[in-house]
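Biologist: I would like to learn how to read this model. Please take me through it feature by feature.

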Amino acid sequence: MFGIADYGAFVAAIVLFLAIPGPGNLALITSTSKGGVRGGLAATLGVIAGDQVLMWLAVAGVAALLAAWPPAFQAVQWLGAGYLAWLGFRMLSAQPGDAPVLNIRPRQYFQQAAAITLLNPKAIVFYMAFFPLFVDPAQHQGLLTFGVMAATIAALTFAYGLIVVLLTHFLAERLRANPLITRVLEKLAGVFLIGFGVKLVLSK
């Protein structure tokens with residue numbers, strides 16, 4: 001279909017990719033808890049923007065470049081690990097009443113989510129290694145194939161993000177009455193972010 005090898009499997013892979021816990025999901029949840037539905041949707045658009053950049057970089061041949069020059073991919077790994085660990089440390093060291101670690105102002109929801117996505121090891125690995133497997137060389141139709149894949153990814157990401165945002169907003173209204181729970185969740189999020197960074201370094 002449009003030069004995509006097994007479109008159904010491609011859709012299933014994207015859904016599974018989105019559902020796996022990671023920095024992107026934390027960005028959506030944190031943005032919604034701090035900025036409501038509007039902040040969550042802005043973060044969703046930021047995730048979509050980051051995904052599109054990574055996908056089109058893969059299309060342009062970045063995957064081949066990184067495969068041919070291992071130090072480049074290693075640098076991306078270290079950059080992503082360091083950024084995630086830095087965010088996690090800030091969340092762990094935050095004190096009650098401090099400004100939020102992520103998305104301090106509403107206009108930053110989009111920017112922060114996009115940055116997290118671009119430096120998310122899960123997204124980098126998917127687009128630079130797994131994504132090209134769905135391109136059928138025999139039936140490839142150039143930009144049409146990549147355009148359909150990009151549109152599919154964007155649509156599925158928006159639908160998934162909307163669900164996460166609405167669920168988070170629904171629960172956030174009930175958690176705001178208990179600041180202790182909010183602080184505990186923030187510390188847990190910080191631990192997970194540091195864990196993502198450490199796991200990336202150890203998996204090299």
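Modeller: Start with Gln52, which lies in helix H2 (residues 23–59). Helices (H or I, at least four residues) and strands (E, at least two) are DSSP runs, numbered from the N terminus. Residues are numbered from 1 along each chain as its sequence is written. This is a predicted model: local features need pLDDT of at least 70, side-chain atom pairs count only at pLDDT 80 or more, and totals for chains, interfaces and linings use all residues, while side-chain values use heavy atoms, with hydrogens and water left out.

Biologist: Is Gln52 buried or exposed?

Modeller: Buried means under 20% relative accessible area, exposed over 50%, partly exposed in between (1.4 Å probe, protein chains only). Gln52 has 18%, so Gln52 is buried.

Biologist: Which residues does Gln52 touch?

Modeller: Contact means heavy atoms within 4.5 Å. Not counting residues up to four places away in sequence, Gln52 touches Ala150, Ile153 and Ala154.

Biologist: How do I read a nonpolar core?

Modeller: A nonpolar core is a set of buried Ala, Val, Leu, Ile, Met, Phe, Trp, Tyr and Cys residues joined through side-chain atoms within 4.5 Å. The largest one here has 18 residues. Ile153 is among those with the most contacts inside it, as are Ile4, Phe10 and Met149. Helix H1 (7–19), H2, helix H6 (121–130) and H7 each give two or more residues to this core. A second, separate core has 5 residues, including Leu28 and Val164.

Biologist: What does Ile4 touch?

Modeller: Not counting residues up to four places away in sequence, Ile4 touches Phe10, Phe134, Asp136, Thr145, Val148 and Met149.

Biologist: Which helix residues are partly exposed?

Modeller: Leu45 is one of them. Leu45 lies in H2 and has a relative accessible area of 43%, so Leu45 is partly exposed. Ala155 lies in helix H7. Ala155 is also partly exposed, because its relative accessible area is 48%.

Biologist: How far apart are Ala155 and Ile48 in sequence and in space?

Modeller: They are 107 residues apart in sequence and 8.9 Å apart in space, C-alpha to C-alpha.
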